[in-house]
Amino acid sequence: MRLKRRRGNNSTLFLKRKYSFRGVMRRYGAFYLFLLPALAWFAIFQYYPITGIQIAFKNYRFSTGIWGSDWVGLRYFRDFLSDPHFYNILRNSLVISFSKLFFLFPAPIILALMLNSVKNVPYRRTVQTLSYLPHFVSWVVVAALIHKFFSPTIGLINDLRIDRGLDTIYYLGRRELFLPFVVLSDMWKGIGFGSIIYLAALSGIDPNLYEAANIDGANGFRKLLHITLPGIKPTIGILFILNLGGLLANNMEQILLLQTPNTYEVSEILETFILRRGLRMNQFDYATAVGLFRSVVSLFLIVVVNKVSRKLADVSLW
Amino acid sequence: MKRDRKKEKYRYEGSLSLGKASTPYKIGQVINYTLLLLLGIATLYPFYYAFILSLNEGQDAMRGGIYLLPRVVTLENFRQALRHPLIFSSFGISVARTLVSVILSCFFTSLLGYAMTKRDLPGRSLIIFYFFFTTLFSGGLIPNFIVYRQLGLLNNFWIYVLPGIYSFFNAIIFRTFFYSIPASLQESARIDGCSELKIYFRIMLPLSLPVLAAIALFVGVGNWNDWFTGTYFVSRRRDLWPAATLLHDIISAAAFEIRLDPTTGISHDQQQRAREIAETTTPESLKMAFLILLTAPIVLIYPFLQKYFVKGVLIGSIKE
């Protein structure tokens with residue numbers, strides 16, 4: 001997960017002295033050939049779309065195309081910043097991602113610690129296998145299950161309420177419940193899979209440390225505090241930084257599937273706004289401007305997080 | 001062996017327990033086991049609930065009260081689901097896109113990973129930065145959409161495959177694994193006059209089956225589950241929709257009805273559509289049958305592949 005760019009690599013220089021162009025090709029030609037399809041694919045599907053970002057500053061028309069449309073400067077950015085929904089959308093994006101970081105980051109760690117203290121191996125394996133399962137199921141299925149459970153007309157929870165003579169509630173239409181729905185459904189889907197990496201880190205802790213702690217008469221809590229947690233601290237650190245880096249990248253699929261028109265005020269995020277304006281209302285240029293705003297802010301976040309963490313904890317993504 | 005046993009013995013005591021076989025320790029264990037049991041139930045029950053509803057007669061299920069077992073068992077929902085005009089084409093598309101994506105993606109991504117193992121390749125760091133940069137900054141949804149339109153990929157089967165062939169992250173996983181294969185194997189093959197392509201096919205790939213299986217699983221599941229591409233990029237060709245998109249279409253239609261009528265029992269639309277489809281099947285029971293059909297392959301296959309994806313996750317997390 002840690003991608004490290006090597007600095008001061010002067011092997012190129014060294015080789016230039018040793019081999020002619022022909023020599024390089026004879027020695028490395030096959031590898032360049034292997035890289036060729038990848039270079040082409042990244043050019044077409046990654047770099048070419050980046051040139052399309054210019055329509056964020058243009059009045060894009062299908063007839064004139066990306067390059068031929070007229071420049072309009074920062075109009076769309078001004079439009080977006082003065083959009084009555086701008087504040088809501090930005091707030092929702094941040095609230096949802098911070099809540100996820102706050103609640104979903106510790107959850108797999110706690111699960112891993114719990115699983116790790118189960119002695120009965122078949123029991124542990126069964127729970128593990130079950131808990132990984134939702135990760136492999138489509139969000140569209142998860143959303144269907146949520147609708148099935150919480151729907152006012154045909155839902156399990158409201159069935160139970162009717163049995164007790166209570167009124168039905170349209171849970172997914174409640175604004176105050178949207179955030180819990182998003183956080184909890186994501187937790188349900190990801191907690192088991194997220195724990196894999198911590199379980200591996202836990203099993204790498206030297207058992208002699210626990211033995212020594214036992215001799216010293218340390219209790220379970222102290223062992224947790226002084227052996228277990230320090231043992232998985234590097235893993236926690238790297239994953240935390242990865243999570244921070246993706247802070248502004250919300251799961252569009254999930255939000256799209258869980259939001260209802262009643263909850264737009266708290267559920268509309270940058271991604272869904274881009275999708276709505278761009279693909280449903282055909283405002284390509286405006287939506288691209290919003291997308292660029294999002295990309296730049298999140299790139300900035302990643303770079304800052306990486307810088308800070310390298311300084312403070314000597315952990316970095318690159 | 002001895003060491004392992006010691007490890008097994010002590011690893012548990014470090015976690016949430018409180019001392020050795022003391023009463024608080026036992027209480028802690030009971031709480032722990034119970035919570036994990038609840039988690040297991042919470043994970044499994046929603047699927048089980050959908051399963052029993054798919055086996056229950058639709059009109060009967062409308063009355064509610066089905067929690068543990070189906071009340072009026074029938075296969076009518078599945079029979080109706082299989083009569084849906086798009087069911088076979090959509091599952092055909094799902095299978096096809098999954099297979100084609102897995103094969104192409106595994107081949108090209110592993111080849112990229114192999115090429116990146118060559119540490120002294122002239123220009124290597126520049127090339128890797130070229131790939132890496134795209135994980136930091138990309139065109140975004142709309143520019144991608146415009147490019148797909150220019151390439152004629154909209155409403156075209158290849159939209160499911162081509163944009164997802166490469167993943168820098170998966171290539172790194174391959175590279176990390178390739179590094180663990182002794183370089184002397186490649187060297188001796190090279191001395192014997194093996195071409196690089198042959199080394200890749202005859203030595204590297206056969207030794208990388210665990211990581212190939214892991215990546216194949218991730219790519220395959222991603223393809224099988226993807227509904228977004230079908231809904232937004234293949235909107236005009238329903239016959240090219242994968243099963244996940246079909247399910248999304250069916251569900252969002254139902255969700256719309258609920259929105260129209262959030263308080264009363266059964267909406268008119270639902271009753272109307274129920275009559276159109278069949279006497280006993282409702283859109284709801286049909287939805288559950290579709291959901292089970294879409295989920296079943298994953299649920300059935302995945303326990304067998306578990307050790308591979310665990311491996312894949314771990315390789316991915318190893319620092320270079």
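This is a predicted model: local features need pLDDT of at least 70, side-chain atom pairs count only at pLDDT 80 or more; totals for chains, interfaces and linings use all residues.
**View 1. The contact between chain A and chain B.** Chain A brings 113 residues to the contact, and chain B brings 120 residues. About 11200 Å² is buried between the two chains. Carbon and sulfur atoms give 72% of that area. Three residues, Phe31(A), Phe34(A) and Phe136(A), supply 7% of what chain A buries against chain B.

**View 2. Polar links across the interface.** Between chain A and chain B, 28 residue pairs are in polar contact. Helix H2 of chain A, residues 21–51, gives the largest share of the side of chain A that touches chain B: 21 residues. That side of chain A divides into 75 nonpolar, 23 polar and 15 charged residues.

**View 3. Salt bridges between the chains.** Two salt bridges cross the interface of chain A and chain B. In one of them, Glu284(B) pairs with Lys148(A). Their closest N and O atoms are 2.9 Å apart.

**View 4. Helix H8 of chain B.** This helix covers residues 168–179. At 1.5 Å a residue, its twelve residues should span 16 Å. The end C-alpha atoms are 16 Å apart, which agrees. H8(B) is mostly covered, with ten of its twelve residues buried. Among them are Phe168(B), Phe174(B), Phe177(B) and Phe178(B). Asn170(B), Arg175(B) and Thr176(B) are buried too.

**View 5. Arg277(A) and Asp83(A).** These two residues form a salt bridge, with the closest N and O atoms 3.7 Å apart. Arg277(A) lies in helix H15 of chain A, and Asp83(A) lies in the loop between helix H4 and helix H5, so the pair ties together parts that are 194 residues apart in sequence. Arg277(A) is buried, at 17% relative accessible area. Asp83(A) is also buried, at 10%.

**View 6. Arg71(B) and Asp60(B).** Here the closest N and O atoms of the salt bridge are 3.1 Å apart. Arg71(B) sits in the loop between helix H3 and helix H4 of chain B, and Asp60(B) sits in helix H3, so the bridge ties together parts eleven residues apart in sequence. Arg71(B) is partly exposed, at 37% relative accessibility. Asp60(B) is buried, at 8%.

View 7. Glu196(B) forms a salt bridge with Arg190(B), the closest N and O atoms being 2.7 Å apart. Glu196(B) is buried, with a relative accessible area of 11%. Arg190(B) is partly exposed, at 21%. Elsewhere, salt bridges that share partners join Lys148(A), Glu284(B) and Lys287(B) into one network. Over all chains the count comes to 17 salt bridges.

Note on methods: Residues are numbered from 1 along each chain as its sequence is written. Chains are lettered from A and ligands numbered from 1 in the order in which they are written. Side-chain values use heavy atoms; hydrogens and water are left out. Contact means heavy atoms within 4.5 Å. Buried area is the accessible area (1.4 Å probe) that two parts lose on being put together, summed over both. A salt bridge is a side-chain nitrogen of Lys or Arg within 4 Å of a carboxyl oxygen of Asp or Glu. A polar contact is a pair of N or O atoms within 3.5 Å; within protein, one must be able to donate a hydrogen and the other to accept it, and residues adjacent in sequence count only if both atoms are side-chain atoms. Helices (H or I, at least four residues) and strands (E, at least two) are DSSP runs, numbered from the N terminus. Ala, Val, Leu, Ile, Met, Phe, Trp, Tyr, Cys and Pro count as nonpolar, Asp, Glu, Lys and Arg as charged, and the others, Gly among them, as polar. The expected span of a helix is 1.5 Å times one less than its number of residues. Buried means under 20% relative accessible area, exposed over 50%, partly exposed in between (1.4 Å probe, protein chains only).
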